[in-house]
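Colleague: Could you walk me through how to read burial, ring pairs and pockets in a model like this?

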Amino acid sequence: MLCVIYKSPKKEGTYLYINKKDDFSAVPEALMTTFGAPQLVMVLKLQDGRKLAQADVEKVKVALADTGFYLQVPPPVTNLLEQYKAEKAAKNQG
């Protein structure tokens, strides 16, 4: 299965996978507005055993087959202060 990957100029680390180059017909208009003008990154063959940096190949393939697109968003940023407080509180109780 081939897919085309675009990055968002508005949202750092956000990528849109679609089935055909420049065919955004399956992507909701509201998503396209938020995503911004897509910037082509690459055309990629999704095959078993292939690794993607931030996405599961099987999830991408299912989404492309079911909805015609897959949106990859960056993982949430860890709040280091809250993490420190939680660890400190756990140490104080234990």
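Colleague: Is Y17 buried or exposed?

Modeller: Before that, some ground rules: this is a predicted model, with local features needing pLDDT of at least 70, side-chain atom pairs counting only at pLDDT 80 or more, and totals for chains, interfaces and linings using all residues. Numbering runs from 1 along each chain as its sequence is written, and side-chain values use heavy atoms, leaving out hydrogens and water. Now, Y17 counts as buried because its relative accessibility is 4% (buried is under 20% relative accessible area, exposed over 50%, partly exposed in between, with a 1.4 Å probe and protein chains only).

Colleague: And how many aromatic pairs are there?

Modeller: A ring pair is described by the distance of the centres and the angle of the planes. Here the count is 2, with Phe, Tyr and Trp (its six-membered ring) pairing if centres lie within 6.5 Å; planes under 30 degrees apart are stacked, over 60 edge-to-face, the rest tilted. Y17 and Y70 make an edge-to-face pair, 5.5 Å centre to centre with 80° between the planes. That pair links distant parts of the chain, 53 residues apart: Y17 sits in β2, Y70 in β4 (residues 69-72). Strands are DSSP runs of E, at least two residues, numbered from the N terminus. Y70 is buried too, at 18% relative accessibility.

Colleague: Which residues line the largest pocket?

Modeller: Rolling a water-sized probe over the atoms shows where empty space is left. The lining is I5, Y15, Y17, V41, M42, L44, R50, L52, A53, Q54 and Q72. A pocket is an open set of points on a 1 Å grid over the protein atoms alone, where a 1.4 Å probe fits, with protein on both sides within 12 Å along at least five of seven lines; lining residues have an atom within 4 Å of a point. β3 (39-45) gives the largest share, 3 residues.

How values were computed:
Helices (H or I, at least four residues) and strands (E, at least two) are DSSP runs, numbered from the N terminus.
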